[in-house]
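Me: Could you walk me through this two-chain thing, question by question?

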Amino acid sequence: MGQILGYTALLLRAYTRDRTALFFGFLFPLLFMALFGVLNFGGSVRVDLAVVDEAKNDQSASFIATLQKIETLRITTAGERDAEVVKLTAGDRDLVLVIPSDFRIAPARPGATVPTLTLYENSAQAETGAVGRAILSAVVNELSFAVTQTAPVVSVKREEVTGRSLKYVDFLTPGILGMTIMQLGISSVAFAFVAERQRGVIRRIMATPIPRRNYIAAHVLQRLILAVVQVLILLAVAVFAFKVTVVGGLGSLLLVAILGAVVFLCLGFAVTGLLATENQAAVATQIVTLPQLFLSGVFFSRDAVPAFLKPVADYLPLTFLNDALRDIATTGATLVDVGGDIIGLVVWAVVSFILAYRLFRLD
Amino acid sequence: MDGVTFDVAEREIFALLGPNGAGKTTTVEILEGLREADSGTARVAGVDVRKDPSGVKERIGVQLQQSAFPENFVAREIVDLFALFYRKRVDSMAILRSVGLEDKADQKQEKLSGGQRQRLSIAVALVNEPQVLFLDEPTTGLDPQARRNLWELVRAIRARGTTVFLTTHYLDEAEALCDRVAIMDGGRIVALDSPPALIQALLGRGFSKPIVQQQANLDDVFLDLTGHALREE
């Protein structure tokens, strides 16, 4: 154990001199945050909601008043349905809500029809549309509960969190954490081991009595420590420099991050087993990481993923990692709340460990 | 390889010579416990290599051909790192001093010159105070000054009681440095003796070449003009 820890310490010290690794491990993700945090996205997500009130009664007025209290919504009420839909198409509105003429807030009698709110969305604005839709359904649910006096089945706390103005950078930060952990696991393992194998470093080390498992253990431990340090530093910069709000617990974030790091390290070792040269490593790491970068909700909500890719996107390891990190960071979810994602990560960890065990080779 | 049999005495400097593909590196790797022989036995420092490869690794120091050290480590850390691999505590500065690298202790190893890196490589091979030191083509790519410097280092290591086993393509090096040499070709040992004895044997077989008496050779000219001092690259 002393050998593993001593080796890990020396590896960490060498890492601090590796400019390329430091750039990709710390500066690169921070640049992303800065870029997206400062550009336009800097402000809160604002949803331009046009409400077309065809009922024009007390109840529709009080419904609109409720909506107007929500900070995230910027509400216009003047227009007609057709004119507003045209504006929606032109991108001047994010959503158009039509309140039907039979609108009323009252318990529905069995068999009677319930007034139907119509919501027009612009599919080109999926992001803001999704936020607005979430808020509206929360309000409608709340109204229903109030009227029917049934106990809410949705937690009020999470509605407040959704209602809180979620800045883009709040949304982005957990995605950047996930991306960084993926890069640490896959790229750092693939490039380091392929290069050391090619240059004869591993061969030289294997001419000493150090057991192979100790050698690999030190490299794994070093990267797990790096994952924790990266998460802490990126979060600190996000919170203090970019005013990111992190709702959930730091401990939960770290645990999920470490689990994610284990998954991606195992995947990295598995991929490395198939590679002989650094050029191959460059291609292979892109093949593994690029699809996840776009399909797993790093920069944008996964709502934007085309339907035919969803069955794949939903089960990618980075999807589980990002969803868990994001739920914890933006809504204050607990480890139990993100249990599904954690199970997904554990399954990936087991599968990729078996792959790594089968495929990885030192020489 | 076929029927390669030889003994190396304690405190001897022994060289394995031969053209590329003769089986030198294969032989060395078998002795170092890096490669398994299909048949036969090899004992190094009293340990059977096949039965206890890690026991052999504990007792030998190696410098491999075409090997490298991990990047972003300074010279001193490389020594510490390998000491750790042997679970030994060492005075890394003293070891660097013994190969004349104490002023490079805090320099990244990849920034060292070829000769300096060879000396670091030998320093690392000495961290476990080995009984036998294996050097695979230690002077390939070095300038004449650095080569002679390395010979001195090898002699000093032997003087401390270590057996040195090396391979080389430079026959003048073998002649100047070694007590005995083995010449391999096509996976067999074709001759094994001290350099003077091998030369005598050749002459005894009736070999002769035109005698050119020179008081000096080009090597002497070069060193006379450029000196013995080591150069920074």
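Predicted model: local features only at pLDDT ≥ 70, side-chain atom pairs only at ≥ 80, totals over all residues.

Reply: Residues are numbered from 1 along each chain as its sequence is written, while chains are lettered from A and ligands numbered from 1 in the order in which they are written.

Me: Which helix gives the largest share of the side of chain A that touches chain B?

Reply: Contact means C-beta atoms, placed from the backbone, within 7 Å, and 20 residues of chain A are in contact with 22 residues of chain B. Helices here are DSSP runs (H or I, at least four residues), strands are E runs of at least two, both numbered from the N terminus. The largest share, six residues, comes from H1(A).

Me: How many residues of helix H1 of chain B are buried?

Reply: Buried means 20 or more other C-beta atoms within 10 Å of a residue's own, with C-beta atoms placed from the backbone. Among the buried ones are B:Val28, B:Ile30 and B:Leu31, and the buried residues pack against strands including S1 and S5 of chain B. Of the eight residues in H1(B), the buried count is seven.

Me: Which strands stand at the edges of the open sheet in chain B?

Reply: The order is S4-S5-S6-S1-S7-S8, with mixed pairing; strands pair if DSSP finds at least two bridges between them. Each edge strand has a single partner, so one side is left without a neighbour in the sheet. Those strands are S4(B) and S8(B).

Note on methods
Contact = placed C-beta atoms within 7 Å. Buried ≥ 20, exposed ≤ 12 C-beta atoms within 10 Å, placed from the backbone.
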